[in-house]
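Good morning, and thank you for the time. Please have the sequence and the structure open while I go through a few local features.

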Amino acid sequence: MDQISAAGVAYDQDLTHKTILVGDSGVGKTSLLVQFDQGKFIPGSFSATVGIGFTNKVLTVDELKVRLQIWDTAGQERFRSVTHAYYRDAQALLLLYDVTSRSSFDNTRAWLSEIHEYAQDEVVIMLLGNKTDVSGARVIRREDGEKLAREFGVIFLETSAKTGLNVDQAFITVARELVRCSVQMPIRPRFHLHELMEPEERETSGCCGFN
Ligand SMILES: Nc1nc2c(ncn2[C@@H]2O[C@H](COP(=O)(O)OP(=O)(O)OP(=O)(O)O)[C@@H](O)[C@H]2O)c(=O)[nH]1
């Protein structure tokens with residue numbers, strides 16, 4: 001069913017936006033999704049995700065219903081080829097690192113180049129620094145995350161899957177960005193916009209994805 005958005009553009013409220021959680025094993029992808037879906041944190045021993053699973057959620061953003069189908073991927077290297085297969089269909093990607101793990105932060109560059117290689121140009125990307133509740137063990141400052149996000153032109157937030165800090169906010173921000181992109185590009189173009197633009201336009205016109 002179509003409805004007219006505030007901007008006067010038809011918006012398909014039955015559209016499902018595929019959103020994928022990616023990042024190193026142990027950064028908290030499953031925990032973030034459980035906190036968002038069920039409002040709880042299950043402490044205890046870490047059991048790595050095997051393969052891939054999804055959860056459906058409907059959010060209301062600016063009076064529009066946005067359906068997110070959120071896929072939780074396995075961070076372990078051996079599942080990487082399975083994860084790549086899902087990138088192409090994703091409208092949004094949440095890339096997590098753990099603020100208490102330098103390697104998980106350093107690896108976000110490799111994740112971002114994989115996303116660049118396998119995902120659509122228009123994909124909405126959000127960088128999340130998780131586990132902010134573990135204050136004594138923090139090794140990545142908020143400014144480091146902000147700087148990396150600026151460098152890649154992606155949205156940034158710090159979260160805690162344990163306390164729930166910014167968990168809802170992260171998904172609402174993604175949903176809002178998806179609505180913004182749907183309004184600007186209601187019909188997905190056959191061509192990648194980047195291929196049709198002059199270089200100066202590319203630098204300033206980015207709606208979603210990499211600038
Ligand atoms: N203190 C704290 N612990 C967390 C947080 N998020 C996750 N954890 C813990 O970190 C460990 C790994 O969390 P998972 O959610 O399983 O990590 P994952 O990214 O899904 O891991 P893979 O499935 O292997 O990719 C678990 O012991 C969680 O309880 C958080 O925000 N704060």
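Predicted model: local features only at pLDDT ≥ 70, side-chain atom pairs only at ≥ 80, totals over all residues.

Asp 62 lies between strand E4, residues 52-61, and strand E5, residues 64-73. Although Asp 62 is not a glycine, its phi is positive, at about 50 degrees. Is Asp 62 buried, exposed or partly exposed? There are 13 other C-beta atoms within 10 Å of Asp 62, and a residue counts as exposed at 12 or fewer and as buried at 20 or more; Asp 62 is therefore partly exposed.

Asn 166 is found in the loop between E8 and helix H6, residues 167-184. Here the count is 19 other C-beta atoms within 10 Å, so Asn 166 is partly exposed.

I now move to strand E7, which spans residues 124-130. How many of the residues of E7 are buried? The number is seven of seven, and the strand is mostly covered. In a regular strand, side chains alternate between the two faces of the sheet. In E7, Val 124, Met 126, Leu 128 and Asn 130 point one way, while Ile 125, Leu 127 and Gly 129 point the other way. Residues of both sets are buried.

Which strands does E7 pair with? One is strand E6, residues 92-98, which runs parallel to E7 and is joined to it by seven bridges. Within that pairing, Leu 94 has Met 126 as its bridge partner. The other is strand E8, residues 155-158, also parallel to E7, with four bridges between them. The chain passes from E7 to E8 by way of helix H5, residues 142-152, in a right-handed β-α-β crossover.

Finally, I come to helix H1, residues 29-38. Why is H1 described as largely enclosed by the rest of the structure? The reason is that seven of its 10 residues are buried. These are Lys 29, Thr 30, Ser 31, Leu 32, Leu 33, Gln 35 and Phe 36. Just after H1 comes Gly 39, with a positive phi of about 65 degrees.

That concludes my presentation, and I welcome your questions.

Definitions and conventions:
Residues numbered from 1 in each chain as written. Helix = DSSP H or I, 4+ residues; strand = E, 2+ residues; numbered from the N terminus. Pairing = 2+ DSSP bridges. Right-handed = clockwise from strand over helix to strand, strands pointing away.
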